[in-house]
Amino acid sequence: MTMSNTGGRRRPPTIHDVAREAGVSRGTVSRVLNGGHYVSPAAAEAVNAAIRKTGYVVNRHARSLITGRSDSVGFLLTEPQERFFEDPNFNVLLSGCTQALAAHDMPLLLMLAGTKDERRRITRYITAGHVDGVLLVSSHSGDPVAEELRKAGVPLVQCGKPMGPASKVSYVAADDRDGARDMVRHLLSLGRRRVGMVTGPLDLPGGVDRLAGYKEVLGEAGIDVDERLIVSGDYSRASGEAGAERLLAQAPDMDAVFVASDLMAQGALTALARAGRRVPEDVAVGGFDDSVAAVEATPALTTIRQPYDRISAEMVRVLLAQIGGEDAAAVILPTELVKRDST
């Protein structure tokens, strides 16, 4: 800290103090603070050392007036608030994105918009420039948010492949279809032939692709797709329980079920136990995500692991590149079959 001329009080160090300590111009310090463009490695190292020594902290408000940037990013979840607290995947993504942005000294703002009015208010807030870009999670088909933000020129990266008009949006996704194929092949390798499925929402790309993978593998095995063995869910535990109940009523000879999320699979296990079906002896159960719900389930779930740490890091990387002027990008990451006690 630096002494002021009034009463011996300490004042916060300024950019001038950093420049003097580093032996460089104020403009060089400014360039380092704004990304280090056109600065030699030696000068950048001297500036960073001076920042550490003086304890200089960037005045974000002042810098935003100069750069036109907020130096913050929004994490937008277009789901009802209760889903954020129920589904562990959202918290894992939020935590991963927060950590990835912390390395760039940028805060992450959580935005929940589960209704049309909330989405309208949040869209106004974002397009007014209060954040530099948006990490969008769980955008349903027909939801206009992604396309509105894209048209407004807001840097945007979606978790999962976009559907419909928003197909030009940057995205990072796990390979949902390939993961589903791995799970159904595993169930068939156990000798199961009446394999049911509780799908995810079919207005989300993950729901569509996981169902497609299920059908493809049945076709490869020469097994006709029986629509009585397919019911839809919404990724909630309750929908998994209700879905398994419908499957048991429609196809009582079901000997395996692929449930498109671990949380739904927990609900399916409850329904199977209530019906007196043993897992895995009578019905083998496979989930998707490898979330905490898979480990907490009884029995522990065989599932498909999504690489959430890599998904979070890639979402942040792609968004920051877009904020820096790069074009839209698409990243698809591989999944992994994790075998546990439910199969």
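Predicted model: local features only at pLDDT ≥ 70, side-chain atom pairs only at ≥ 80, totals over all residues.
Biologist: What makes β8 and β9 a pair of strands?

Modeller: Two strands count as paired if there are at least two bridges between them. Strand β8, residues 195–199, and β9 are joined by three bridges. Therefore β8 and β9 pair. The pairing is in the parallel sense. Within it, Met197 stands opposite Ile230 in β9.

Biologist: Which sheet holds them, and in what order do its strands lie?

Modeller: An open sheet of four strands, in the order β9-β8-β10-β11. The pairing there is parallel.

Biologist: Why are β9 and β11 called edge strands?

Modeller: Each pairs on one side only. Strand β9 covers 230–232 and β11 covers 284–286. Neighbouring strands of this sheet are turned by 15 degrees against each other on average, direction ignored.

Biologist: Which helices lie against this sheet?

Modeller: Helix α10, residues 205–220, lies across β8, β9 and β10. Its direction runs at about 170 degrees to β8. Helix α11, residues 237–250, packs on the sheet too. What makes that packing is touch: α11 touches β8, β9 and β10, and contact means heavy atoms within 4.5 Å. The direction of α11 makes about 155 degrees with that of β9.

Biologist: How do you know that the length of α11 fits a helix?

Modeller: Take 1.5 Å a residue. The 14 residues of α11 should then span 20 Å. The end C-alpha atoms of α11 are 20 Å apart, so the two values agree.

Biologist: Which residues of α11 are called buried, and what covers them?

Modeller: Buried means under 20% relative accessible area. Ser239, Gly240, Glu241, Gly243, Ala244, Leu247 and Leu248 are the buried residues of α11. Their cover includes β8, β9, β10 and α12, residues 262–274.

Biologist: What is the order of strands in the sheet of six?

Modeller: The order is β4-β3-β5-β6-β7-β13, in an open sheet with parallel pairing. Its edge strands are β4 (108–112) and β13 (330–333), since each pairs on one side only.

Biologist: How do you know that β6 and β7 pair?

Modeller: Count the bridges again. Three join β6, residues 156–159, to β7, residues 170–174. At least two are needed, so β6 and β7 pair. These strands run parallel, and Cys159 stands opposite Val172 in β7.

Biologist: Which strands does helix α7 touch?

Modeller: Helix α7, residues 116–130, packs on this sheet and touches β3, β4 and β5. The direction of α7 makes about 155 degrees with that of β4.

Key. Residues numbered from 1 in each chain as written. Heavy atoms only, no water. Axes fitted to C-alpha atoms, helices over the stretch in contact; angles between N-to-C directions. Expected span 1.5 Å × (residues − 1). Buried < 20%, exposed > 50% of the residue type's maximum accessible area, 1.4 Å probe, protein only.
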